[in-house]
Amino acid sequence: APSAAPGAPARALAARIARGSLRARPIPSRVASVRVDARAGGGRRPTVDAPPQNEDDSAARPTAVARLTASLGASTSTRRDIHVGRRADAKAARRERRDAKHARELGPHLGSANSPASVDAAMSREMAAMAGGVDALARRARDLALADERNLEVALRLASAAADVAAEELRDASLEAEADLDWPESSSSSGHAADARAGSFHGSFDDASRTAAAERRTAEARRERLSACAESVSDLSSRLSKRLLHDEWSATIAAFAAKDWHVDRKKPRVRPKDRRCNQPKARQGWNKRAMRETGVRVCVGCERMLPTTELIRVARMADVDDGEGDEIDEKTEKESRGDESIDEEKEKKKNGGKCKWSVAIDPGSVAGSDALLRMLVDPRGRAADAAKHPAASAAAKRALLRRGRNRARAGDSNERTSEVDPGFDLPRHPARRPTNALQGRAVYVCRRGACARAAFDPKTRRAHRALRAAGAFEASFASAVEDVCVAAEIEDGVDSSRWVLERAARDGGGTPGRWSRHPRYLDERNGAEAEGSDQTFLVWAAERSDFGTRRTNDW
């Protein structure tokens, strides 16, 4: 028997299904996503995927075996996830560089024949044409805005398109009016040409006048339409901005309300040693134990944290003016008169007594130098105003006399022990912290003229403001303190006349105790670090095992 034509069984099966004699079985939902290919005529003909059946909803859910397989196949390695993320970032960076190079080679708009602005203009024209004109498009935008505030974005887009088309029409009308100004050569109508050939000047002039008037009316109408569209766009923009602000406010309130409902969630607890306030601070290289042992203070001029042995102390004292010009120390007066005179002193202040501050150099901070003490004691010297207060001058005299007695006593002991040789070098004792001769609020300044000029500048009055005695500033006192600091730096073999402070070193914020290193002084002549300005060799940090012990220095 002859063989059946190719594809005949398939056609017979389709005919039986169409007659209803054979009912097609539904495809299970588990395999519904698998495409079915029917072989007919020796070729492959794809068919449409079968949709899932509603009668077997339980089959659409993943089985326990599928869930277990997915969970076992998931990656549980954090390191692998990190590497995958890094590779993705590298790929994104390479793709970005490649796209940037491609854009540079092709030029603006990636070589497209139409710019985005021209495409937007064409879209606006098409929208106006589909709506039936600019007026119809503007009315549709207004109706959408009035119907619901959620349509303000769409209404604003339609109104902007109407305004763009109106502006383009007004520009075209203006160009046509300018082109028709060259009368009568630019006239192209047949009537104008016939009148020109016939020599009828008046007829051509009347026609041109009517044409110009019509063009002016057209331009005026389009100008009014553009103004109305622009006003509509402005109104819709204002309403949309208000609505967006209200939406943001509502979303913020809803977010906080949603967070407040989670009352059962426990607040994460941070251990005290992990809190930010308990972390080690920079302190320009110091730590608290070393600062306590060394007596570290901050220079008011350069804001470096240095030991008090390298600083000069400036103290504030309260004086009382009795009305006749005599200034006496308040504490000394109280001690001499006793407690029974306190009420009389208060009454005297109310009746006309005036309380003011006096600022002076503490002689205890320069007690290690005979030259500096003599500058403070000499009433006619350059630094006489630095210890003008009676308590400061008396303390300077006592310090100078004590230093002379100690030197004489040390000379006698050296004469007695000069003939004895111990056979080894005696250890050097660390510099002793100076004893404060004046009590009260105080600031510290380095033994450098640059720091004194910065601290006692007449414009900033930095030191006096720190002492809360800005009204007690005197130019003579500032000059005297500068002379003392210059004399001190000469003793140290340093010249700071051309030093400039580098402000870029404030890498830890505005507080000097949070900086990681000392601010540097630069030489204004070459911009390099000034010679002799580095004092980081004085900075050290105590170990935990050093608590309660004193550190011995070798210098």
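Which residues gather in a patch of positive charge on the surface? The model is predicted.

**View 1. The protein chain as a whole.** The chain holds 16 helices and ten strands. It runs to 555 residues, of which 26% count as buried. The exposed surface comes to about 38600 Å². Carbon and sulfur atoms supply 52% of that area. Take the contacts between residues at least 6 apart in sequence: 67% of them join residues at least 24 apart.

**View 2. A patch of positive charge on the surface.** Five names answer the opening question: Arg87, Lys91, Arg94, Arg95 and Arg97. Arg94 is found in helix α3, which spans residues 78–106. Its relative accessible area is 46%.

**View 3. Ser358 in strand β7.** The strand covers residues 354–361, and Ser358 lies within it. Is Ser358 buried or exposed? It is buried, because its relative accessible area of 15% is under the 20% cut-off.

**View 4. Contacts of Ser358.** Neighbours within four places in sequence are left aside here. What remains is a set of contacts with Ala315, Arg316, Met317, Asp319 and His389. Ser358 itself belongs to strand β7.

Definitions and conventions: Residues are numbered from 1 along each chain as its sequence is written. This is a predicted model: local features need pLDDT of at least 70, side-chain atom pairs count only at pLDDT 80 or more; totals for chains, interfaces and linings use all residues. Side-chain values use heavy atoms; hydrogens and water are left out. Patches are made of residues with over 30% relative accessible area and no salt bridge: like charges are joined within 9 Å, nonpolar side chains (Val, Leu, Ile, Met, Phe, Trp, Tyr) within 5 Å. Accessible areas come from the Shrake-Rupley method with a 1.4 Å probe; for residues, only the protein chains shown count as cover. A salt bridge is a side-chain nitrogen of Lys or Arg within 4 Å of a carboxyl oxygen of Asp or Glu. Lys and Arg count as positive and Asp and Glu as negative; His and the chain ends are not counted. The place of a charge is taken as NZ of Lys, CZ of Arg, CG of Asp or CD of Glu. Helices (H or I, at least four residues) and strands (E, at least two) are DSSP runs, numbered from the N terminus. Buried means under 20% relative accessible area, exposed over 50%, partly exposed in between (1.4 Å probe, protein chains only). Contact means heavy atoms within 4.5 Å.
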